[in-house]
Amino acid sequence: MIAIIGAGKMGEALLAGLLTRDHAPKDVLVTEPREEHAAELRERYGVETVPAADAVERADTLLLALKPQDMLALVDEIAPLLSGRNLVISVAAGLTTAVLEGHLPAGVPVVRAMPNTPALMGQGMTAVAGGAHAESAHLDRAEELLGTVGEVIRVGEQHMDTVTAISGSGPAYFYFIAETMIEAGVAMGMPRATAQRLVDRTITGAAAMLDGTGEHPVVLREAVTSPGGTTAAALRELERHGVRTAFTDAIEAARDRSRALSGN
């Protein structure tokens, strides 16, 4: 039995993914304190919604999909009911496995996961790291469940804050670029709908090239950049304004914030 505790956007994305990949509604419990939303989940997915304590007692795998500021209070609430038979998978940014283990009974296996919002479209990128008591079978289980909403990769715990900064926060960087490109088109007299369609398809097409060809981004960029051409002129301006350095600084800031969330 699987329990999803917290059915916000990410929790619901995981629920939908599980139910489309060989998991029956009867095998999934959901904890959602907002009764109106809980009723919607029951109607939409046919799952049972239960209090957290009931979910812990009945499920062997717990997917904790709460915000970081709410996670430890929930863990403290359910800790007395947990044992080594349970697997705890946390998708809260910044909270290390060591922090979670410090609030749980000894021996409870914990896997830390960082999905991103494209999971809502089944196109997520999730990294997982195991805690002190997580064995290979626990990581396999986490990969199986999180793989229902996209690709999963294993990393060392020491890389999870960087994962958060790159892929967890990463979609926002691309939305920022898309927003900027659209506004530039509008400023140059193009209808907004036309500019947005051009930008949307350009970004998704470029992403497909990056993923599908296996080429390094430098190779793909150079293929678009003719000597003395329009792309070269644009890239020269980006370098002049220090965009590469600004992006690096932004990713480091996101990493540092992830560390701060865990108190490290």
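Analyst: Contact here means heavy atoms within 4.5 Å. The model under discussion is a predicted one.

User: Among contacts between residues at least 6 apart in sequence, what percentage join residues at least 24 apart?

Analyst: The contacts considered are those between residues at least 6 apart in sequence. Within that set, the share that joins residues at least 24 apart is 63%.

User: How many helices does the protein have, and what percentage of its residues are buried?

Analyst: The protein has eight strands along with 12 helices. Its C-alpha atoms fill a box of roughly 65 × 40 × 30 Å along the principal axes. Of the 264 residues, the buried ones make up 39%.

User: Which strands form the edges of the sheet?

Analyst: The eight strands of the open sheet follow the order β3-β2-β1-β4-β5-β6-β7-β8, and their pairing is mixed. An edge strand pairs on one side only, and this applies to β3 and β8 (150-154).

User: In β2, which residue is the bridge partner of Ile4?

Analyst: Strands β1 (residues 2-5) and β2 run parallel and are joined by four bridges. In this pairing, Ile4 has as its partner in β2 the residue Val30.

User: In β3, which residue is the bridge partner of Leu29?

Analyst: Strand β2 also pairs with β3 (residues 48-49), in the parallel sense and over two bridges. The partner of Leu29 in β3 is Glu48.

User: What is the handedness of the β-α-β unit made by β1, α1 and β2?

Analyst: The unit consists of β1, helix α1 (residues 9-20) and β2, and it is right-handed. The chain then crosses from β2 through helix α2 (residues 35-45) to β3, and the handedness of this crossover is likewise given as right-handed.

User: Which residues of β2 are buried on its two faces?

Analyst: In a regular strand, side chains alternate between the two faces of the sheet. Strand β2 (residues 28-31) is covered on both faces.

User: At about what angle does α6 run to β8?

Analyst: Helix α1 lies across β1, β2 and β4, and runs at about 155° to β1. Helix α6 packs on the sheet as well, touching β1, β4, β5, β6, β7 and β8. Its direction makes with that of β8 an angle of about 160°.

User: Which residues does Leu15 touch, leaving out those up to four places away in sequence?

Analyst: The largest nonpolar core has 28 residues, and Leu15, Leu63, Ile89, Val111 and Leu146 touch the most other members. Two or more residues of this core come from each of β1, α1, β2, α2, β5 (87-90), β6 (110-114) and α6 (136-146). A second, separate core of 23 residues includes Ala52, Val56, Leu64 and Leu74. Beyond four places in sequence, Leu15 touches Ile4, Val28, Val30, Leu41, Tyr45 and Val47.

User: Within what arc do the buried residues of α4 fall?

Analyst: The buried residues in helix α4 (residues 68-78) include Met71, Leu74, Val75 and Ile78. An α-helix has 3.6 residues a turn, so residues three or four places apart point the same way. The buried residues of α4 line one face of the helix because, seen down its axis, they fall within an arc of 100°.

User: Which exposed residues does the opposite face of α4 carry?

Analyst: The buried residues of α4 are covered by elements including β1, α3 (52-58), β4 (61-64), β5 and α5 (97-101). The face turned away from the buried side carries the exposed residues Gln69, Ala73 and Glu77.

User: Is Ala254 buried or exposed?

Analyst: Ala254 is found in helix α12 (residues 243-261). Apart from neighbours within four places in sequence, Ala254 is in contact with Ala165, Ser169 and Tyr173. The cut-off for a buried residue is under 20% relative accessible area. Ala254 has 17% relative accessibility and therefore counts as buried.

User: How does Gly229 count by its relative accessibility: buried, partly exposed or exposed?

Analyst: Gly229 is found in the loop between α10 (217-224) and α11 (230-240). Buried means under 20% and exposed over 50%, with partly exposed in between. At 23% relative accessibility, Gly229 is therefore partly exposed.

Notes
Residues are numbered from 1 along each chain as its sequence is written. This is a predicted model: local features need pLDDT of at least 70, side-chain atom pairs count only at pLDDT 80 or more; totals for chains, interfaces and linings use all residues. Side-chain values use heavy atoms; hydrogens and water are left out. Buried means under 20% relative accessible area, exposed over 50%, partly exposed in between (1.4 Å probe, protein chains only). Two strands pair if DSSP finds at least two bridges between them. A crossover is right-handed if, with the strands pointing away from the viewer, the path from the first strand over the helix to the second runs clockwise. A nonpolar core is a set of buried Ala, Val, Leu, Ile, Met, Phe, Trp, Tyr and Cys residues joined through side-chain atoms within 4.5 Å. The arc is that of the directions from the helix axis to the C-beta atoms. Axes are lines fitted to C-alpha atoms, for helices over the stretch in contact, and angles run from 0 to 180 degrees between N-to-C directions.
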